[in-house]
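Hello,

Here is the structure for you to look at.

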Amino acid sequence: MDFACLWLGLLLPLVAALDFSYHHQERMEAFLKSVAQNYSSITYLHSIGKSVKGRNLWVLVVGRFPKEHRVGIPEFKYVGNMHGDETVGRELLLHLIDYLVTSYGKDPEITNLINSTRIHIMPSMNPDGFEAVKKPDCFYSNGRENYNQYDLNRNFPDAFEYNNVSRQPETLAIMKWLKSETFVLSANLHGGALVASYPFDNGVQATGTLLSRSLTPDDDVFQHLAHTYASRNPNMTKGDQCKNKMNFPNGVTNGYSWYPLQGGMQDYNYIWAQCFEITLELSCCKYPREEKLPYFWNDNKASLIEYIKQVHLGVKGQVFDQNGNPLPNVIVEVEDRKHICPFRTNKFGEYYLLLLPGSYTINVTVPGHDPHLTKVVIPEKSQNFSALKKDFLLSFQGQVDSILVSNLSCPMIPLYKTLQSLSAATKPSLFLFLVTLLHIFFK
């Protein structure tokens with residue numbers, strides 16, 4: 001840790017201690033504004049939109065350069081309180097903010113994390129739902145949906161079947177937000193179970209639904225991410241702490257295996273925003289008593305921090321033309337795990353691929369030109385808060401503007417309806433396929 005950061009941490013003012021209670025909109029806003037004012041060098045508070053009732057959807061950015069995009073610094077996000085009556089995540093994110101800003105310059109690990117990452121935290125995606133809960137209940141209340149009575153985690157475009165529900169202001173704000181940043185990794189926080197759930201939430205036969213699952217081309221990474229969170233939560237990792245709920249081995253499940261879900265946010269993030277997202281169910285009771293909140297913080301603190309670190313997995317870099325100009329909209333993917341919406345470089349020519357240690361062949365393709373294949377080896381031990389850096393210089397002649405024009409946005413339709421094949425990660429073995437058919441036949 002450099003001395004400049006140490007002195008900055010010692011000089012930063014303290015925010016009034018955050019208590020363990022439920023913070024309604026006015027108190028939550030006051031806390032966020034206090035943090036942004038007192039820690040202006042490492043935080044930036046803004047609203048990405050408004051709820052149906054006109055409440056701000058606040059996002060606090062924590063980072064060494066919180067207001068500006070920096071090449072090579074990955075973007076991470078946490079989203080809480082998507083269902084207004086699932087309250088634990090909302091409070092945990094406020095305490096995470098408090099912990100991050102008060103540890104900067106004092107704790108080397110947190111200081112390095114903030115210096116190397118832009119962390120976007122939205123404590124509440126559904127403020128209207130939270131405010132609507134008049135009588136907290138462990139199982140269900142009228143605050144689950146937004147003010148228009150829409151479940152926001154069923155409100156996104158779906159890649160597997162048509163989702164013709166009316167897009168809500170909160171949903172549209174998230175979709176616009178995803179286009180404005182190059183998010184690499186994220187999680188949304190829920191309640192009502194104790195498990196880390198990974199994509200897909202919906203599926204078709206090509207993604208493995210005959211085996212009661214739906215796997216992405218990056219299933220190994222998603223399983224690692226879910227295990228990373230669950231393994232550091234002493235109750236989640238047990239897998240069976242909620243009475244009358246499913247038993248989740250090691251506290252992890254594939255979303256579709258748990259129950260199919262149309263219009264979910266984690267699938268949308270992965271398919272249309274190139275952002276790896278998992279769903280964290282943090283409490284058996286959706287709206288537990290306030291005196292339980294310190295225990296939830298103690299159980300989740302290490303998991304919340306360790307999960308953020310995973311944004312530095314794999315490989316990252318930029319793609320340049322022969323004159324050293326960054327190339328946007330260039331497809332950059334591992335050869336055997338192509339995405340139905342190809343992963344592309346952003347306007348700065350940046351790409352981020354979350355990958356586990358191993359050997360990979362990366363396919364870099366400028367639209368309309370031959371692919372450029374390069375082998376990379378990601379070491380077992382990743383660099384300190386940085387993915388392996390690999391830039392690509394292409395012998396490409398042409399204007400960057402011509403590539404901008406050819407930017408093929410992924411259509412908002414059920415993309416998997418006509419899919420014939422996927423990567424090996426999603427394909428069941430012939431043996432398992434035959435066993436499944438026999439099971440269905442004789443059931």
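**The largest pocket**

The largest pocket holds about 1,100 Å³ of space. A pocket here is an open set of points, on a 1 Å grid over the protein atoms alone, with protein on both sides within 12 Å along at least five of seven lines; a cavity is a set of points where a 1.4 Å probe fits but cannot get out, and lining residues have an atom within 4 Å of a point. Grid points are joined across faces, edges and corners, and a volume is the space filled by probe spheres set on the points.

This is a predicted model, in which local features need pLDDT of at least 70 and side-chain atom pairs count only at pLDDT 80 or more, while totals for chains, interfaces and linings use all residues. Residues are numbered from 1 along each chain as its sequence is written, and side-chain values use heavy atoms, with hydrogens and water left out.

Of the 43 residues that line the largest pocket, L178, K179, E181, W272 and Q274 lie nearest its centre. Elements that each supply at least two lining residues include α6 (169-180) and α9 (265-273). Helices (H or I, at least four residues) and strands (E, at least two) are DSSP runs, numbered from the N terminus. The lining has 24 nonpolar, eleven polar and eight charged residues. Ala, Val, Leu, Ile, Met, Phe, Trp, Tyr, Cys and Pro count as nonpolar, Asp, Glu, Lys and Arg as charged, and the others, Gly among them, as polar. Domain 1 (25-312) and domain 2 (315-393) each give at least three residues to this lining; the domain bounds come from an automatic or database domain assignment.

Q274 is also found in the loop between α9 and β8. Its phi is positive, about 60 degrees, although Q274 is not a glycine. Q274 counts as partly exposed because its relative accessibility is 24% (buried means under 20% relative accessible area, exposed over 50%, partly exposed in between, with a 1.4 Å probe and protein chains only).

Among the residues that line the largest cavity are D218, R337, H339 and L354.

**Single residues**

Which residues does Q310 contact, leaving aside its neighbours within four places in sequence? They are L185, H224, L225, T228 and L354, where contact means heavy atoms within 4.5 Å. Q310 lies in the loop between α10 and β9 (315-320). Q310 is buried, with a relative accessible area of 6%.

A cis peptide bond, with omega about 5 degrees, joins P199 and F200. F200 is in the loop between β6 (193-198) and α7 (219-231).

F385, in the loop between β13 (372-378) and β14 (388-389), has a positive phi near 55 degrees and is a residue other than glycine. F385 counts as buried, at 15% relative accessibility.

**The whole protein**

The protein has twelve helices and 15 strands. Buried residues make up 57% of its 443 residues.

Regards
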